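Welcome! Let us walk through this model together, beginning with a single residue and widening the view from there.

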Amino acid sequence: MLGCDCDYPAVAVAFQHADLVFAGKAAKVQDLGKNIDSSHRVVVTFQVDRSWKGAVHKVMVMHTRINTADCDGFVFTEGKQYIVYGYRRENWNFKDIVPKASKVLGTGLCSRTRQIEFAGEDLKILGTAGSPR
């Protein structure tokens with residue numbers, strides 16, 4: 001059971017608040033281990049096949065955490081397809097990995113990020129997608 005209680009936003013609200021919205025395969029999921037607040041830092045490399053919002057490239061890297069106590073991050077499974085609502089966040093947790101980046105791409109358990117097979121409503125409402133750059 002998760003330590004947070006999610007009230008998922010409507011697709012339009014999630015889209016409005018996200019910096020990037022795309023669909024693709026989690027090609028590589030790298031767990032960097034626990035940090036000082038006991039959350040796991042995770043780097044996910046996506047092979048993107050569709051995009052709806054933002055400057056989305058064919059390969060996107062997400063720096064996120066797995067911390068179910070505060071609803072931060074998201075648990076991705078390598079090889080699975082996802083729709084991702086991404087947010088640019090302050091880079092306070094990945095300075096050792098990307099020291100020059102002031103912000104990193106992340107997502108949360110309570111966003112509409114989910115495996116693509118559970119994203120029918122999102123795909124219907126978002127409509128025709130563009131191609132990544």
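**A buried arginine and its partners**

At a relative accessibility of 6%, R112 counts as buried; here buried means under 20% relative accessible area, exposed means over 50%, and partly exposed lies in between (1.4 Å probe, protein chains only). Before going further, please keep in mind that this is a predicted model, where local features need pLDDT of at least 70, side-chain atom pairs count only at pLDDT 80 or more, and totals for chains, interfaces and linings use all residues. Residues are numbered from 1 along each chain as its sequence is written, and side-chain values use heavy atoms, with hydrogens and water left out.

Which residue meets R112 in a salt bridge of 2.8 Å, N to O? The partner is D122, where a salt bridge is a side-chain nitrogen of Lys or Arg within 4 Å of a carboxyl oxygen of Asp or Glu. This pair links distant parts of the chain, 10 residues apart: D122 sits in helix 2, while R112 belongs to the loop between strand 6 (103-106) and strand 7 (114-115). Helices (H or I, at least four residues) and strands (E, at least two) are DSSP runs, numbered from the N terminus.

D122 is buried too, with a relative accessible area of 1%. Leaving out residues up to four places away in sequence, D122 touches V11, I83, Y85, R112 and R114, a contact being heavy atoms within 4.5 Å. R112 also forms a salt bridge with E121, with the closest N and O atoms 3.3 Å apart; E121 is partly exposed at 48% relative accessible area. Through shared partners, salt bridges join R112, E121 and D122 into one network.

Now let us step back to the whole chain. Along the sequence, the pattern reads α-β-β-β-β-β-β-β-α, which comes to 2 helices and 7 strands. Of the 133 residues in the chain, 44% are buried.

What lies inside? The largest nonpolar core has 16 residues, and F22, F46, M60 and F76 have the most contacts within it. A nonpolar core is a set of buried Ala, Val, Leu, Ile, Met, Phe, Trp, Tyr and Cys residues joined through side-chain atoms within 4.5 Å. Strand 1 (20-34), strand 2 (40-53), strand 3 (59-67) and strand 5 (81-90) each supply at least two residues of this core, and strand 2 gives the most, with 4 residues. Apart from this core lies another, of 12 residues, among them V21, I83, Y85 and I116.
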